[in-house]
Amino acid sequence: MTMDDIDHVAVLGAGNMGHGITEVVALAGYDVTMRDVETEFVNEGYENIEWSLQKLHESGRLEELPDEVLARIETTVDLEAVVSDADLVIEAAPEDLDLKREIFADLDEYAPDGAILASNTSSLPITDIAAATDRPESVVGTHFFNPPVKMDLVEVIYGERTSEETAETAQAFVESIDKTPIYVRKDVHGFVVNNVLGPFGEEAAWMVSEGVAEIREADATMVHERGYPMGPFELGDLTGIDVSYRVRAEAGRPVPPILQSKVDAGELGRKTGKGYYDYENGDGVDYTPEDASEDFDWLRIEARILNEAAKLIDDDVATPEAIDTGLRLGAGFPEGPCRRADEVGLDAVLEKLDELYEAYGEDRYEASPYLRDLVEAGRTGKTTGAGFYQYAETDGGTDADESGVFHEIEVGDTDVTDGRTITEADVANFAGVSGDFNHIHMDEERMRESIFGERIAHGMLVLSAATGLIWQYRSIEMRDSVVAFYGLDDLRFRKPVYIGDTIHVEMEVVETTPRPEGAGNGTVTFALEIKNQRDEVVISCEMTSLLE
């Protein structure tokens, strides 16, 4: 099965993920049939798609009329009928291994030879699901992130017997529906994003349980000092404290006492009205920049995150590039953990892990052999020219290039950056810094009554996020070579950016001007088009910066 063979897609499940995936596939031009076990479930899922398409149309974000997209969607409760002529089946049933194995056994019987059988599981082993069939080479994981219409990332996961052809076709399909795939080359628990993200909440919970940190202190420091879109406890309340508990319990990992106490009390986060914060009788998430503390040991959390990334690289599960893309698009990290590790210094990360392992003796602090090998080889990050990534080299080897990057840039050079998804936390954080709490950005109810129909991001926030993308230019990491920002010319805001949109930058160097020695090597002017996931220009301008 190749991309040229995929015409008809079947989606099994009409819940949040099922109807979201169905909508995304139809928006990309495919004929798709959505199936669930009860007509009531199918109808509800279809109505949700109708509502979503209408909102996209009202906000000017739909290139077709809603009815034209809906014409490509059929619904049924008949499993055999829906998969008998499907080229690609995407299962989006609840996270129950027995249920998924039952579905895949039926797919093995009813689906055509050569069809790709994909599971949208977020945690269950693809290998175990594929074992219910006589064609495990055709089974692959396609883990969409919620909500599929807004989230750009899809993890493409190999089972033990998934063929290269199947995985490559799945990746090409994901790209064809305007999503960003990353390969997860081994069927590990939690895949990439959930594996690396896990310590963000878990280690913070251990620190609070031990009495060395407070909840608001942890959230404020990680957001306002380290740039994460949400604090670990804020995120736990949003996703559900019971979800975090179940993941740890099922994996046989120790559960932090504060997490156990919240589950025992039934205080599971926003959905129950109370979790780490009180949403019924309190102010909800109420930390401020003033709650951040220099005494909070943020490296304890980040060292564990970075160690998990190193383990995945060491085990050939994913590349540094895939991990960084996954955590930026799937978890809203300000930059990929591997890039951040190179900036912090792998030697500092290793030192922190060894210190924690000596103090606690817990397996979670045991440093990855790969991380230790990098440090012992002198590859400790950007300051030495190499870490997880290779940076500029000199004739002497891997010492950082002190001449900067200016002389490596030429007029006519072009680049397209990675994507960056704008989150609600981005909007709230920007409002806190800028003081702009305008209802256009902050008040969801008022926005629904406006011409926009949903909350939008500040234009300057979007420009700021785009600037962070720009400094990753070609193979050059420019962030530390920017001496000064000279300004913007021809700035035009062309379309609103909505919360959940993913922006990227298409750029061209239009002018380079050398500067006197001691004032940076020279100015570089970039012509920029900032685009959303539909390839629409939302901001255009020229930006000039002084670079070393």
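In which helix is the place of V25? V25 sits in helix α1, which covers residues 16–27. Helices here are DSSP runs of H or I with at least four residues, strands are E runs of at least two, and both are numbered from the N terminus. The model is a predicted one, so local features need pLDDT of at least 70 and side-chain atom pairs count only at pLDDT 80 or more, while totals for chains, interfaces and linings use all residues. Residues are numbered from 1 along each chain as its sequence is written, and side-chain values rest on heavy atoms, with hydrogens and water left out.

Now for the overall picture. The protein chain holds 21 helices and 16 strands. Contacts are heavy atoms within 4.5 Å. Among contacts between residues at least 6 apart in sequence, 69% join residues at least 24 apart.

Back to V25, which counts as buried because its relative accessibility is 0%. Leaving aside residues up to four places away in sequence, V25 touches V9, Y30, V32, F173 and I177. Take F173: 148 residues separate it from V25 in sequence, yet the two are 9.5 Å apart in space, C-alpha to C-alpha.

Next come the strands. In a regular strand, side chains alternate between the two faces of the sheet. Strand β4 (residues 88–91) has L88 and I90 pointing one way and V89 and E91 the other, and all of these are buried. Strands count as paired if DSSP finds at least two bridges between them. β4 runs parallel to strand β1 (residues 8–12), joined to it by four bridges, and I90 is the bridge partner of V11. β4 also pairs in the parallel sense with strand β5 (residues 116–119), again over four bridges; here V89 stands opposite L117.

What about helices that pack together? Such a pair is described by the angle between the axes and the distance between the axes. Axes are lines fitted to C-alpha atoms, for helices over the stretch in contact, and angles run from 0 to 180 degrees between N-to-C directions. Helix α8 (residues 193–209) and helix α14 (residues 320–331) have axes that come within 9 Å and cross at roughly 65°. That makes α8 roughly perpendicular to α14 (under 35 degrees is roughly parallel, over 145 roughly antiparallel, 65 to 115 roughly perpendicular, and the rest oblique). V193, V196 and L197 of α8 meet I323, G326, L327, G330 and A331 of α14. By class, that gives six nonpolar, two polar and no charged residues (Ala, Val, Leu, Ile, Met, Phe, Trp, Tyr, Cys and Pro are nonpolar; Asp, Glu, Lys and Arg charged; the others, Gly among them, polar).

Helix α11 (residues 241–250) and helix α12 (residues 257–264) pack at about 120°, their axes 10 Å apart, and are therefore oblique to each other. Their crossing is left-handed. I241, D242, S244, Y245 and R248 in α11 meet L259, Q260, K262 and V263 in α12, a contact of four nonpolar, two polar and three charged residues.

Finally, helix α9 (residues 215–225) is largely enclosed by the rest of the structure, because eight of its 11 residues are buried. Among them are I215, E217 and M222. After α9 comes G227, whose phi is positive, near 85°.

Note on methods
Buried < 20%, exposed > 50% of the residue type's maximum accessible area, 1.4 Å probe, protein only. Left-handed = near helix turned anticlockwise from the far one by under 90°.
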